[in-house]
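Okay, thanks for making time, everyone. I'd like to walk you through one structure, and I'll begin with a single residue before getting to the bigger pieces.

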Amino acid sequence: MPIFSIYITSKSGSLLYQKDFKVLNNPITKQNSNDYLVIASTLHGVHAISAKLTPAASAKNYLSSKLPTNSNKTGLRMITTSQFKIYMNQTVTGLEIILFTSPDMGQTKISGIYDKIYQLYCDYVLKNPFYQLEMPIRCKLFDDKLLSVVTTTNV
Amino acid sequence: MSKQIKQLGDDIWKTKVEKVNSELFTLTYGSIVSQLCKDLNFNYEAVNNQLFKMGYNIGIRLIDEFLQKTQLSRCTNFRETAEIVSKIGFKIFLNITPIITNWSADSKTFSLILNDNPLADFVELPDDGKALKELWYSNILCGVLKGALEMVQLDCEVVFLNDVLRGDESTEIRVKLIQILKDEVPAGDE
């Protein structure tokens, strides 16, 4: 169940971080950096639209579906194609973590991965005193740790 | 509900939080404040502001760590927020649980009474005639609260009312909800 790519966007939808991982038989081709921005902001937009379509009250009934983090109640969570899946999750502060994975990736497993990535973001991005909020993430430590999390999953 | 919150705070404190020597922590904070006082020529008003700003910058980052560790979602009302700030927030970061009291009638303002303030363990304010009246030694806490609450769209005013360091009977932080920043609630999380 490999992870192909990760995107992290801020609450305003700007792309903070993007990385493609080296995976055997990766169905997703490399894009240029402008396309990454387009993909991220489009997904952010669709997420926001889907949230607007569902009034808050209906979200409450639907809440029985189990997600460990209670955020992202009404927004877009997943897109499936025959080749890959896109999982989205949003934290209470509005940070969105978007993962492109193989189609056999399950909801439970992805929740665990989200939690780990969020933890890495807190530790190695937010606690880096020289990182400025809402700016692109260029932290070597974050890169390394993220890679090791993904490598463990992709094995 | 209140018990569950307390339990959650205790569990996280025991299992998920890195601990640091409390004296190192207290002395580090002390040296920051005293250096600020020197740098700003003992203009305590300016020191208060500077501490608040530093706290604010900590708060807007710390909130994500808090949410990641607690896995909590948005509070349903401000009373719940108060409980969580005291029993989980203060608990996991400072290992204290301030008492929540003095609710205003509209449930928008409350006080946190800190019986034990780890920032001020060995502190006596300088005897220069104005520090006792002007300096809020632990003002960084107000900034942290302000920053953290603002990131979850609660625009609050956070100020010290009393401090035992000044000779008051208790250490009291007043938190007032000004507004909920509706426009900034992230889509998909209402």
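So, let's start at B:Glu157: setting aside neighbours within four places in sequence, B:Glu157 is in contact with B:Lys176 and B:Ile178. Keep in mind as we go that this is a predicted model. B:Glu157 sits in strand β3 of chain B. Is B:Glu157 buried or exposed? B:Glu157 counts as exposed, because there are 12 C-beta neighbours inside 10 Å. There's also B:Leu141, which is 16 residues from B:Glu157 in sequence and 12 Å away in space, going C-alpha to C-alpha.

Let's zoom out to the sheet. In chain B we have an open sheet of four strands, in the order β1-β2-β4-β3, with antiparallel pairing. Its edge strands are β1 (99–101) and β3 (154–162) of chain B, each pairing on one side only. From one strand to the next, the twist averages 25°. As a quick reminder, strands of a sheet pair through backbone hydrogen bonds, either parallel or antiparallel.

At the β1(B) end, three bridges link β1(B) with β2 (residues 109–114) of chain B, and the two run antiparallel. If you want to find that on screen, look for B:Ile99, whose bridge partner in β2(B) is B:Ile113. Now the helices. Helix α4 (residues 78–94) of chain B lies across β1, β2, β3 and β4 (171–180) of chain B, at about 155° to β1(B). Helix α6 (residues 139–151) of chain B packs on the sheet too, touching β3 and β4 of chain B, and its direction makes about 165° with that of β3(B).

In soluble globular proteins, nonpolar side chains tend to be buried together. Here the largest nonpolar core has 39 residues, and those touching the most other members are B:Ile63, B:Cys142, B:Leu145, B:Ala148, B:Ile173 and B:Val175. Who supplies this core? At least two residues each come from α2 (22–39), α3 (44–70), α4, β2, α6, β3 and β4 of chain B. The biggest giver is α3(B), with nine residues. As for B:Cys142, if we skip residues up to four places away in sequence, B:Cys142 touches B:Phe52, B:Gly55, B:Val158, B:Val159, B:Phe160 and B:Ile173. And there's a second, separate core of 32 residues, which includes A:Ile86, A:Tyr114, A:Val125 and A:Leu126.

That takes us to chain A. Helix α1 (residues 33–53) of chain A has 21 residues and reaches 31 Å from first C-alpha to last, close to the 30 Å expected. Which residues of α1(A) are buried? They are A:Ala40, A:Leu43, A:His44, A:His47 and A:Ala51. Down the axis of α1(A), the buried residues fall within an arc of 95°, so they line one face of the helix. The face turned away from that buried side carries the exposed A:Asn34, A:Asp35, A:Val38, A:Thr42 and A:Leu53. Covering the buried residues of α1(A) are, among others, β1 (3–9), β2 (15–20), β4 (85–90) and β5 (96–101) of chain A.

Last stop, β1(A), where seven of seven residues are buried. Six bridges join β1(A) to β5(A), running antiparallel, with A:Ile6 opposite A:Leu99. Five bridges join β1(A) to β2(A), also antiparallel, and there A:Tyr7 stands opposite A:Gln18. The hairpin of β1(A) and β2(A) has five residues between the strands, and A:Gly13 takes a positive phi near 95°. That's my tour, so over to you.

Definitions and conventions: Residues are numbered from 1 along each chain as its sequence is written. Chains are lettered from A and ligands numbered from 1 in the order in which they are written. This is a predicted model: local features need pLDDT of at least 70, side-chain atom pairs count only at pLDDT 80 or more; totals for chains, interfaces and linings use all residues. The expected span of a helix is 1.5 Å times one less than its number of residues. A residue is buried if 20 or more other C-beta atoms lie within 10 Å of its own, exposed if 12 or fewer, and partly exposed in between; C-beta atoms are placed from the backbone. The arc is that of the directions from the helix axis to the C-beta atoms. Two residues are in contact if their C-beta atoms, placed from the backbone, lie within 7 Å. Two strands pair if DSSP finds at least two bridges between them. Axes are lines fitted to C-alpha atoms, for helices over the stretch in contact, and angles run from 0 to 180 degrees between N-to-C directions. A nonpolar core is a set of buried Ala, Val, Leu, Ile, Met, Phe, Trp, Tyr and Cys residues joined through C-beta atoms within 7 Å.
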